[in-house]
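Here's a quick tour of some strand pairing and ring contacts. Have the model open as you read.

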Amino acid sequence: QMQLVESGGGLVQAGGSLRLSCAASGRTFSNYAMGWFRQAPGKEREFVAGISWSGGSTYYADSVKGRFTISRDNVKNTVYLLMNSLKPEDTAVYYCAARPDYRAGGYDYWGQGTQVTVSS
């Protein structure tokens, strides 16, 4: 099992920034691709950003491209999501997730989520 613990959420004004962190334990972190997802009230969970095991490849939803940056530190076993130019529509619970890097598709492990609220 891999345990994932998110932190860094909070309340921020539109146009502001937040950096989310997700600390992993229980498995060899560098064997896993990581992703960030979010779920707003009344909406389905959606993909936000993904990163390969080495950090060499990153992927973003169109809605966050140019504003959010995903990164990872394989020494600290942590993945980050830097969110700039936040908008009220970014309000959601943000989750990190992990899947073996050799396999595409669904994520095996999920954190408990951290709330991000963007006020207008």
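## Arg72 and its sheet

Arg72 has Val79 of E8 as its bridge partner. E7 and E8 (residues 78–83) run antiparallel, joined by six bridges; strands here are DSSP runs (E) of at least two residues, numbered from the N terminus, and two of them pair if DSSP finds at least two bridges between them. This is a predicted model, so to speak of local features takes pLDDT of at least 70 and side-chain atom pairs need pLDDT 80 or more, while totals for chains, interfaces and linings use all residues. Numbering starts from 1 along each chain as its sequence is written, and side-chain values use heavy atoms, with hydrogens and water left out.

Zooming out, the open sheet has four strands in the order E1-E3-E8-E7, with antiparallel pairing. E1 (3–7) and E7 (68–73) are the edge strands, each pairing on one side only.

## Charges over rings

Arg72 also has its charged end over the ring of Phe29, 4.3 Å from the centre. For Arg, that call needs CZ within 6 Å of the ring centre and within 35 degrees of the ring normal. Arg45 does likewise over Trp110, at 3.8 Å from the ring centre.

Trp110 belongs to one aromatic cluster with Phe37, Phe47 and Tyr107. Rings of Phe, Tyr and Trp (its six-membered ring) pair if their centres lie within 6.5 Å; planes under 30 degrees apart are stacked, over 60 edge-to-face, the rest tilted.

The whole structure holds five aromatic pairs. One of them, Phe37 with Phe47, is edge-to-face, at 5.6 Å centre to centre and 75° between the planes.
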